[in-house]
Amino acid sequence: MSVGLNTGDSAWLMTSTAMVLLMTPGLAFFYGGMVRSKNMLTMLYMSFICISLVTILWFLYGYGMAFGKDAGDAGLIGWGDWRLGHISPDTLQGKIPEQIYACFQLTFAIITVALISGSIAGRARFGPWILFVIVWVTLVYVPIAHWVFSSSGWLNEWGVMDFAGGLVVELNSGISGLAMALVLGPGIAFRRREGPRPGNVPFVLLGLGLLWFGWFGFNAGSALSDGALATRAFVSTMIAGCAGMLTWRLLEWLRTRHFTQLGSASGALAGLVAITPSCAFVSVEGAFGIGVIAAVVCTYAVELKLVAGYDDTLDVTGIHGAGGIVGIVSLGFLATGWDQGSPGLFYGGSVSVLGKQVVAVLAVGAYAFIVTYIIGKLIDRFFRMHMTDEEQAKGTDANFVEG
């Protein structure tokens, strides 16, 4: 046994890694159920292919660039041990094996790029999507992960709080989804102002259940231990998800006098997204408030696409982008300062804490949007990522099977 190894913490992180990996199949069912039946198979596989692609990239160089020794002391990108194979099983990251820590972080990268597929559902060709995954993870996810998660990243060193990926996963995927929605343009269903036609609502609810289960590993696992910090993150996750679900249902009733299954799922997702960066920094009351605020904000954010004219098909920007912003910015007010992190304004903290959170949102959002837009434009130009109206009418599954 390695000196300093904590077997309990290691076991919890292994369990959390498996839970977070399950979120990507959960996302596949969630997205697959939301699209029309003629697009379901492709939607499912756009998530599943990310597991294999990102894993190999992470093994070859992704982990080294995200968490390796900082290159040039600028806090922008890592360097050094490029391949995960250079790390032996008994090498420790704190009190846990570094290999399992690397695998835990890998699962975050997988689901982040998979989330983007929801913004372009039903109008993206599968082959160019594979190329997009490879390039996007390399040029967008890896640098932002280094900024926020690495101890030498510039946002981390500056004191920005993001416990489990509000910037790296949620805002990053939401803003990147917006960029890709603009690159591919509105689909025929959006141009015709056709409402959502989910092909399989039970799939949506099954996907939500798998996502929610995995979210406990996502948030509580980020404590890297099985103690009080993980407990706080676990409880906050449960409360925020439930608060978001009930708030969305209430808003639906006030507006239309009826409830929808998709609304309940969206509300829960909004709460879970918003609590991701703040789960270990806020009190139980704070978690409840974040869930409520996220649901309110996201109900309006998902309607913005109708006003602005961008086709964010499955509301990745409206929920993950807007929800991520709520979670990050709320720490400037609701962070308690317990155990780690700085207190927010409501707990006697400085306005500079809020300022740093806002700057982080702007920096990550701007980088993700600009680089993703360029990547998408180049891939679409040289490999035709967008589908024609005729192909969209036929369905992505027909295109997937034929080519």
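**Ground rules.** I'm looking at a predicted model, where local features need pLDDT of at least 70, side-chain atom pairs count only at pLDDT 80 or more, and totals for chains, interfaces and linings use all residues. Residues are numbered from 1 along each chain as its sequence is written, and side-chain values use heavy atoms, leaving out hydrogens and water.

**Salt bridges.** I searched the whole structure and got 5 salt bridges (a side-chain nitrogen of Lys or Arg within 4 Å of a carboxyl oxygen of Asp or Glu). One of them joins Glu303 and Arg255 at 2.9 Å, N to O. Glu303 sits in the loop between α11 (284–301) and α12 (304–308) and Arg255 in helix α9 (residues 228–256), so this pair ties together parts 48 residues apart in sequence. I used DSSP runs for helices (H or I, at least four residues), numbered from the N terminus.

Next I looked up Asp315 and Lys305, which also meet at 2.9 Å, N to O. Are these two buried or exposed? Both are buried (under 20% relative accessible area; exposed is over 50%, partly exposed in between, with a 1.4 Å probe and protein chains only). By contrast, Glu303 is partly exposed at 36%, and Arg255 is partly exposed at 41%.

**Helix pair.** I checked α8 (residues 201–220) against α10 (residues 261–275): their axes come within 10 Å and cross at roughly 15 degrees. I took axes as lines fitted to C-alpha atoms over the stretch in contact, with angles from 0 to 180 degrees between N-to-C directions.

I found Ile374 in helix α14 (residues 351–383), partly exposed at 47% relative accessible area.

How values were computed:
Helices (H or I, at least four residues) and strands (E, at least two) are DSSP runs, numbered from the N terminus.
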